[in-house]
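Please look over the sequence and the structure shown here before reading on. The dialogue that follows takes up one feature at a time.

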Amino acid sequence: MNVYEGPVQTLIDELGRLPGIGPKSAQRIAYYLLKASPDDANRLARSITEAKARVSWCRQCFNIAQGELCGFCRDDRRDATVLCVVEEPRDIVAVERTHEFKGRYHVLQGAISPIEGIGPEQLRVKELLRRVGDGGVTEVILATNPNIEGEATAMYLAKLLKPLEITVTRLASGLPVGGDLEYADEVTLGRALEGRRQVDA
Ligand SMILES: [Zn+2]
């Protein structure tokens, strides 16, 4: 059902591949861009190209970084003995909003999801184990999302981390179940962080 030709259809197809953008939204954004001034449209195109060229993954925690290490890994004031494990860089933003956490992060870049064909090997699990195995870490907080995939990921990691003789904790209940960490308000997330409990794997 490709109604449009050439570049317009290509634009709609590409926009439709973005997360949360259905075919109707893709059409609407495409029309908007076609009507926009060349300057506006070029600015958007340039910001995508530049972000892709200049931003990569932190080689230590796999957060978004400009250069080798992200801001958190470069900051010596952050406590390197506590690691907060999250699914995506945007979850770091949620945790930071609480002002309750002064440690370091580790970004898995997803969660275990058999339905979507995502297993531990697609995530930054090996890197997490290596990081903890290198020593210096005394606690790992499993701050994956409070949904099925996040819980399964947390349990999987807890089992792997247990032999390393560190404290493994999980956010306290009280977070909206089934949701994403980023949608929790900072007070609720702050309390869940403060009331974190040791995981028995
Ligand atoms: Zn980092």
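**Reading the fold**

Q: How many helices and strands are there in the chain?

A: The chain contains eight helices and seven strands; helices (H or I, at least four residues) and strands (E, at least two) are DSSP runs, numbered from the N terminus. This is a predicted model, in which local features need pLDDT of at least 70 and side-chain atom pairs count only at pLDDT 80 or more, while totals for chains, interfaces and linings use all residues. Residues are numbered from 1 along each chain as its sequence is written, and side-chain values use heavy atoms, with hydrogens and water left out.

Q: What does the C-alpha trace of the chain span along its principal axes, and what share of the residues is buried?

A: The C-alpha trace spans about 60 × 35 × 35 Å along these axes. Buried means under 20% relative accessible area, exposed over 50%, and partly exposed in between (1.4 Å probe, protein chains only). Of the 201 residues in the chain, 38% are buried.

Q: In what order do the strands of the open sheet lie?

A: Strands of a sheet pair through backbone hydrogen bonds, either parallel or antiparallel. Two strands are counted as paired if DSSP finds at least two bridges between them. Here five strands form an open sheet in the order β4-β3-β5-β6-β7, and the pairing is mixed. Its edge strands, each pairing on one side only, are β4 (103-107) and β7 (197-198).

Q: In which sense does β3 pair with β5, and in which sense with β4?

A: Strand β3 (residues 79-86) pairs with β5 (residues 139-142) in the parallel sense, over four bridges. V85 has L142 in β5 as its bridge partner. The pairing of β3 with β4 is parallel too, over five bridges, and there C84 has Y105 in β4 as its bridge partner. As for burial, five of the five residues of β4 are buried.

Q: Which strands does helix α6 touch?

A: A contact means heavy atoms within 4.5 Å. Angles are taken between lines fitted to C-alpha atoms, for helices over the stretch in contact, and run from 0 to 180 degrees between N-to-C directions. Helix α6 (residues 125-133) packs on the sheet and touches β3, β4 and β5, its direction making about 150° with that of β4.

Q: Which residues coordinate the zinc ion?

A: Donors are N, O and S atoms within 2.8 Å of the metal (3.2 Å for Na, K and Ca); water is not among the atoms, so sites may look incomplete. In this model the SG atoms of C58, C61, C70 and C73 coordinate the zinc ion at 2.2 to 2.3 Å. Along the chain these donors follow the spacing C-x2-C-x8-C-x2-C.

Q: Why is the arrangement around the zinc ion tetrahedral?

A: Ideal angles for four tetrahedral donors are 109.5 degrees. Four donors count as tetrahedral if all angles lie between 85 and 135 degrees. The four donor atoms here subtend angles of 101 to 120°, so the arrangement is tetrahedral.

Q: Which residues touch the most other members of the largest nonpolar core?

A: A nonpolar core is a set of buried Ala, Val, Leu, Ile, Met, Phe, Trp, Tyr and Cys residues joined through side-chain atoms within 4.5 Å. The largest one has 25 residues, and V95, F101, L171 and L189 touch the most other members. The elements giving two or more residues to this core are α4 (71-74), β3, α5 (89-97), β4 and α8 (186-194). Apart from it lies another core of 18 residues, including I112, V132, A154 and I166.

Q: What is V95 in contact with, leaving aside its neighbours within four places in sequence?

A: V95 is in contact with C84, V86, F101, Y105, L181, L189 and L193. V95 is also one of the buried residues of α5, together with P89, D91, I92 and A94. The cover over the buried residues of α5 includes β1, β2, α4, β3, β4 and α8.

Q: Where is F62 found, and is F62 buried or exposed?

A: F62 is found in the loop between β1 (56-57) and β2 (64-65), and is buried at 8% relative accessibility. Its phi is near 70°, a positive value in a residue other than glycine.

Conventions. Tetrahedral: all angles 85-135°; square planar, octahedral: opposite > 155°, others 65-115°.
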